[in-house]
Amino acid sequence: MVVGGGISGLATAALLARRGWSVELLESRGALGGRAGTWEADGFRFDTGPSWYLMPEVFERFFELMGTSVDEQLDLQQLDPGYRVFFEGHDEPLDIAADVRTNIERFEEIEPGAGQVLERYLDSARSTYELALARFLYTSFDSLRPFMDRRVLGSAHRLGPLLLQSLERFTARRFRDPRLRQVLGYPAVFLGSSPDRTPALYHLMSAMDLTGGVLYPQGGFGELMAVLERLARAAGARLHTGAEVTEIRTGAGGRRGTRAQATGVRFRDADGLERVLEADVVVSTADLHRTETTMLPRHLQTYPESWWTRRTSGPGAVLVMLGVDGALGRMPHHSLFFTRDWRRNFAAIADGRVPEPASVYVCRPSATDPSAAPAGQENLFVLVPMPADPQLGRGGIDGGGDPRIEAIADAAIDQVARWSGHEDLAQRIVVRRTVGPADFSEDLGAWRGSMLGPAHTLGQSAMFRAGNRSRKVDGLYYAGSSTIPGIGLPMCLISAEIVADRIARELS
């Protein structure tokens, strides 16, 4: 039994079904995909969540486990530039190219000597990434074996300092120009954190986007979800939508004597009827806070409410989906708009305040994918990091969201228009939808309305992140961004694989 039909749920169901398990998946919403959903209006197709295809090795590994390949299932396009960065107070943006040598030259142009420093920085990022991929990401941390590897022990002198200093300090010691620090620090946002709270170990993220690693699947990330759905069904998994799990049922007789044993779930179907489905194993890929605090009684919660009060949430967000008349050629597929004082920007979010101005991310999939928008029109997805606070409100269609959400959206549209040189952007909008933290909370069950999950601070990374098995209920496992290894589509695929491996190891 798999609870939740996002990427972790679909991948877990697919892997378990391929290994011979009889799998039922229950998704509360009317469509599969979770955060990686799709919304369509007037010929525009929007991805409502993830939009960066990074860590291609992880996708390749998953598809191989399913008996197929990325090349067979997806039409990937290399993005060049990978993304463009607009800086407050600077007229010229910086393009991050698909070619690493070009990026080294561009760093050198901005700051003499920075090219050679970047070369060393990326060498360190690549070796750290390869070590993490080989020894730390594909593990449940239920033993010390990953740490006993000769390569890990030989790297301890380097890994220790990377864990004990922030990414912000790590980059500041190597680069003087704030623009270069921002480019290298921004990956912290992909981890639901900020550069000053993220361990420098995560400089490994630059081994992806600065070395030609930004790709795009034609058809968008909704197509990726559709592929996972097809693979899961082909393997024999039965997938159900409109089925909201309200309780994980337990009984006596666990493998450890007096421990409880998962026996199935209680759920509410699309007609509002309460039903029970029995199962020997339950894997919840729903938000871990929601799973633990609403689907289990207090005495069986591994991660009760008191545990969550000591944890740090990733940021919330206001999402703005825009259908635009005419071309927007000054923005490539991905654009980043960085404020001059972004430490103040991050501090405001951490303190629960709306940053003014805010750093903004914009995706223009119609630059690469003609199916994303009607001919002669453009598709824009705008993400504005905000405090993880459902009280900011919900979004809506055509300005119909809560006033604070719509005001944040208006400010972001104005900022993007001015900085990119498309001053008439607001007048050309023909489709508009906003999403706020309350939507994340109510529609996705996201803890505190965060867009990603618990932040990747030192105390919430690797073995310190929530584990993938209940300590109080046998047969109950977890996967997804709330658990190890963490946030992002690749991490969620890894999470599915390690929980499937753990189930096979412990229960076969």
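Visitor: By about how many helical turns are Asp-414 and Arg-418 separated in helix α17?

Guide: This is a predicted model, in which local features need pLDDT of at least 70, side-chain atom pairs count only at pLDDT 80 or more, and totals for chains, interfaces and linings use all residues. Residues are numbered from 1 along each chain as its sequence is written, and side-chain values use heavy atoms, with hydrogens and water left out. Helices (H or I, at least four residues) and strands (E, at least two) are DSSP runs, numbered from the N terminus. Asp-414 and Arg-418 are 4 residues apart in helix α17, so the separation is about one helical turn.

Visitor: How far apart are the closest N and O atoms of Asp-414 and Arg-418?

Guide: A salt bridge is a side-chain nitrogen of Lys or Arg within 4 Å of a carboxyl oxygen of Asp or Glu. Asp-414 and Arg-418 form such a bridge, and their closest N and O atoms are apart by 2.9 Å.

Visitor: Is Asp-414 buried, exposed or partly exposed?

Guide: Buried means under 20% relative accessible area, exposed over 50%, and partly exposed in between (1.4 Å probe, protein chains only). Accessible areas come from the Shrake-Rupley method with a 1.4 Å probe, and for residues only the protein chains shown count as cover. The relative accessibility of Asp-414 is 40%, so Asp-414 counts as partly exposed.

Visitor: How many residues apart in sequence are the parts that Arg-394 and Glu-442 tie together?

Guide: Arg-394 and Glu-442 form a salt bridge with their closest N and O atoms 2.4 Å apart. Arg-394 lies in the loop between β17 (377-386) and α17 (403-420), while Glu-442 lies in helix α18 (residues 437-444), so the parts tied together are apart in sequence by 48 residues.

Visitor: How many disulfides does the structure hold?

Guide: A disulfide is a pair of cysteine sulfur atoms within 2.5 Å. For Cys-363, the closest cysteine sulfur is in Cys-492, 19 Å away and too far for a bond. Cys-363 is buried at a relative accessible area of 4%, and Cys-492 is buried at 7%. The number of disulfides is 0.

Visitor: Which residue forms a salt bridge with Glu-223?

Guide: The structure holds 30 salt bridges. Glu-223 is partly exposed, with a relative accessible area of 26%. The closest N and O atoms of its bridge are 3.4 Å apart, and the partner is Arg-230.

Visitor: In which helix is Glu-108 placed?

Guide: Glu-108 belongs to a surface patch of negative charge, together with Asp-80, Asp-99, Glu-105 and Glu-109. Patches are made of residues with over 30% relative accessible area and no salt bridge: like charges are joined within 9 Å, and nonpolar side chains (Val, Leu, Ile, Met, Phe, Trp, Tyr) within 5 Å. Lys and Arg count as positive and Asp and Glu as negative, while His and the chain ends are not counted; a charge is placed at NZ of Lys, CZ of Arg, CG of Asp or CD of Glu. Glu-108 is in helix α4 (residues 100-110).

Visitor: About how much accessible area does the nonpolar patch have together?

Guide: One of its residues, Met-463, is found in the loop between α18 and β19 (473-474). Met-463 is partly exposed, with a relative accessible area of 35%. Leu-163, Leu-164, Leu-458, Met-463 and Phe-464 form the patch on the surface, and together their accessible area is about 480 Å².
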